Amino acid sequence: MKQRSKLLICATAVATLLSACNEQTTAPAKQPVEHKQEAKEQTPPNLTPVESTNQSFTISLLPKFSLEAEEPGKDVVMHESEQDQWMRIELLPKEAKDQMETYAKERAMAVSEQATPFEGTIPFEDAIVYEAPVDNDVVYIVGVTGDEPMFLTVFTKKEDNWLNTFMTMAKTIERTETETSEQPQPSFFTYKSSNQPFQANILNGYMAEAVEPGKDMIFLDEEKASMTVELIDEGADWSLIAEQAEQYVKASSKDGTVEKMTWTKGTRLNGADVYKSAIESGEVYVFVVKNGTPMRLTIFVQQENELNPFLQMAETIERID
């Protein structure tokens with residue numbers, strides 16, 4: 001009888017030990033998730049901090065990427081050789097977070113009617129994300145909420161998708177102003193042409209108006225400094241347009257010489273064919289833009305420093321068919 005009692009006690013002890021072992025082997029199952037989260041939060045190597053000269057923030061960039069001002073209130077991150085892949089950064093006032101869902105959806109639908117909520121993951125806890133397919137490309141509209149809202153718009157390829165690369169850099173964005181700092185007032189207004197299907201941000205002090213069918217003019221003083229905008233329809237004869245641009249500049253030139261170059265700055269104007277010549281009272285430029293919003297821009301300036309404001313406004317021209 002005593003021996004049977006001892007056996008029963010031993011069996012109970014073994015069962016207790018087995019139960020404890022089972023608890024020890026199942027409890028650590030959460031560790032890989034925690035480890036994954038720690039890995040996610042690690043700062044990638046080879047990031048270089050850069051401060052925007054256009055908005056109040058800093059960002060750390062991967063090698064071969066650069067930060068450029070696109071227009072007031074918008075910066076772009078671009079790769080030195082893959083310029084079809086880029087990210088726009090727009091800081092927003094604190095109150096904008098309450099309308100982020102509406103803003104993000106409207107922007108996505110403006111890019112593509114096939115836009116849908118993004119089902120993947122990004123390194124922002126509070127964000128509203130849409131993806132909008134456009135032919136072989138895809139555009140991601142990322143509305144980051146919280147106390148420091150911003151819009152991130154990523155332009156990339158379906159097959160060679162760089163979303164994660166841009167998000168790695170975007171995660172490092174830090175504002176360089178305090179929460180109590182006043183947001184700068186907009187230095188531009190949006191002009192929607194009633195003459196051609198486009199809109200543009202016009203710097204304060206400049207004016208814009210339709211001058212004839214198919215032509216709008218942006219000017220500080222139309223007799224001194226101006227830019228004429230002509231949208232070009234799909235299927236246009238680019239060789240004829242180039243010939244006309246060169247002939248126009250030559251006719252305006254004071255000595256009949258024309259300098260031709262390929263523009264390598266900005267985003268929308270990058271890659272444009274440019275025809276330039278000196279005139280009696282300054283210089284004339286004709287930009288033939290084939291990518292993005294195809295258009296011809298004719299710019300007259302009297303002084304060299306008058307050109308950049310027109311180029312800044314030209315970067316904001318968007319077709320709104």
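# Reading a fold, one feature at a time

Visitor: Does Asn 270 count as buried or exposed?

Guide: Buried means under 20% relative accessible area. Asn 270 has 18% relative accessibility, so it counts as buried. One caution before we go on: this is a predicted model.

Visitor: Where does Asn 270 lie?

Guide: Look in the loop between strand E16 (259-262) and E17. That is where Asn 270 lies.

Visitor: Which residues does Asn 270 touch?

Guide: Skip residues up to four places away in sequence. Then Asn 270 touches Gln 83, Trp 263, Thr 264, Lys 265 and Asn 291. Zoom in on Thr 264. Its backbone oxygen is 3.3 Å from a polar atom of the Asn 270 side chain.

Visitor: How do I judge confidence in the model?

Guide: Look at pLDDT. The protein averages 82, and 83% of the residues score at least 70. Then go element by element. Over residues 1-42 the pLDDT is below 50. That stretch has 2 contacts in the model beyond near neighbours in sequence.

Visitor: How many helices and strands are there?

Guide: The protein has 6 helices and 20 strands. Of its 321 residues, 40% are buried. Residues 24 or more positions apart account for 44% of them.

Visitor: How do I read a helix with a buried side?

Guide: Start with the general idea. An α-helix has 3.6 residues a turn, so residues three or four places apart point the same way. Now try H5, residues 238-252. This helix has 15 residues and reaches 21 Å from first C-alpha to last, close to the 21 Å expected.

Visitor: Which residues of H5 are buried?

Guide: They are Ile 241, Ala 242, Ala 245 and Val 249. These cover an arc of only 100° around the axis, which puts them on the same side of H5. What covers them includes strand E17 (273-279), strand E18 (282-289) and strand E19 (295-301).

Visitor: What does the face of H5 turned away from the buried side carry?

Guide: That face carries exposed residues: Ser 239, Lys 250 and Ala 251.

Visitor: Why is H6 called largely enclosed by the rest of the structure?

Guide: Count its buried residues. In H6, 6 of the 8 residues are buried, so the helix is largely enclosed. The buried ones are Leu 307, Pro 309, Phe 310, Leu 311, Met 313 and Ala 314. They pack against E12, strand E14 (215-221), E15, E18 and E19.

Visitor: Which residues have the most contacts inside the largest nonpolar core?

Guide: That core has 29 residues, and those with the most contacts inside it are Leu 269, Phe 287, Leu 297, Ile 299 and Phe 310. Several elements each supply at least two residues, among them strand E12 (198-203), strand E15 (225-231) and helix H6 (307-314). H6 gives the most, with 5 residues.

Visitor: What is Ile 299 in contact with?

Guide: Leave aside its neighbours within four places in sequence. The partners of Ile 299 then include Met 227, Val 284, Tyr 285, Phe 287, Leu 307, Phe 310 and Leu 311. There is also a second, separate core of 28 residues. It includes Leu 91, Ile 122, Phe 124 and Val 154.

Visitor: How do I read a phi angle?

Guide: Most residues other than glycine have a negative phi. Lys 64 has a positive phi, near 75°. Find Lys 64 in the loop between strand E2 (57-61) and strand E3 (65-71). Its relative accessibility is 54%, so it counts as exposed.

Visitor: Where is the place of Asp 135?

Guide: Asp 135 is in the loop between strand E7 (127-134) and E8. Phi of Asp 135 is positive too, near 55°. Asp 135 is exposed, with a relative accessible area of 67%.

Visitor: Which residues does Asp 147 touch?

Guide: First find Asp 147, in the loop between strand E8 (137-144) and strand E9 (150-157). At 44% relative accessibility, Asp 147 counts as partly exposed. Not counting residues up to four places away in sequence, Asp 147 touches Lys 94 and Lys 97. Now compare chain and space. Asp 147 and Pro 93 are 54 residues apart along the chain, and their C-alpha atoms are separated by 8.9 Å.

Technical notes
Residues are numbered from 1 along each chain as its sequence is written. This is a predicted model: local features need pLDDT of at least 70, side-chain atom pairs count only at pLDDT 80 or more; totals for chains, interfaces and linings use all residues. Side-chain values use heavy atoms; hydrogens and water are left out. Helices (H or I, at least four residues) and strands (E, at least two) are DSSP runs, numbered from the N terminus. The expected span of a helix is 1.5 Å times one less than its number of residues. Buried means under 20% relative accessible area, exposed over 50%, partly exposed in between (1.4 Å probe, protein chains only). The arc is that of the directions from the helix axis to the C-beta atoms. Contact means heavy atoms within 4.5 Å. A nonpolar core is a set of buried Ala, Val, Leu, Ile, Met, Phe, Trp, Tyr and Cys residues joined through side-chain atoms within 4.5 Å. A polar contact is a pair of N or O atoms within 3.5 Å; within protein, one must be able to donate a hydrogen and the other to accept it, and residues adjacent in sequence count only if both atoms are side-chain atoms. pLDDT is the predictor's confidence in each residue, from 0 to 100.
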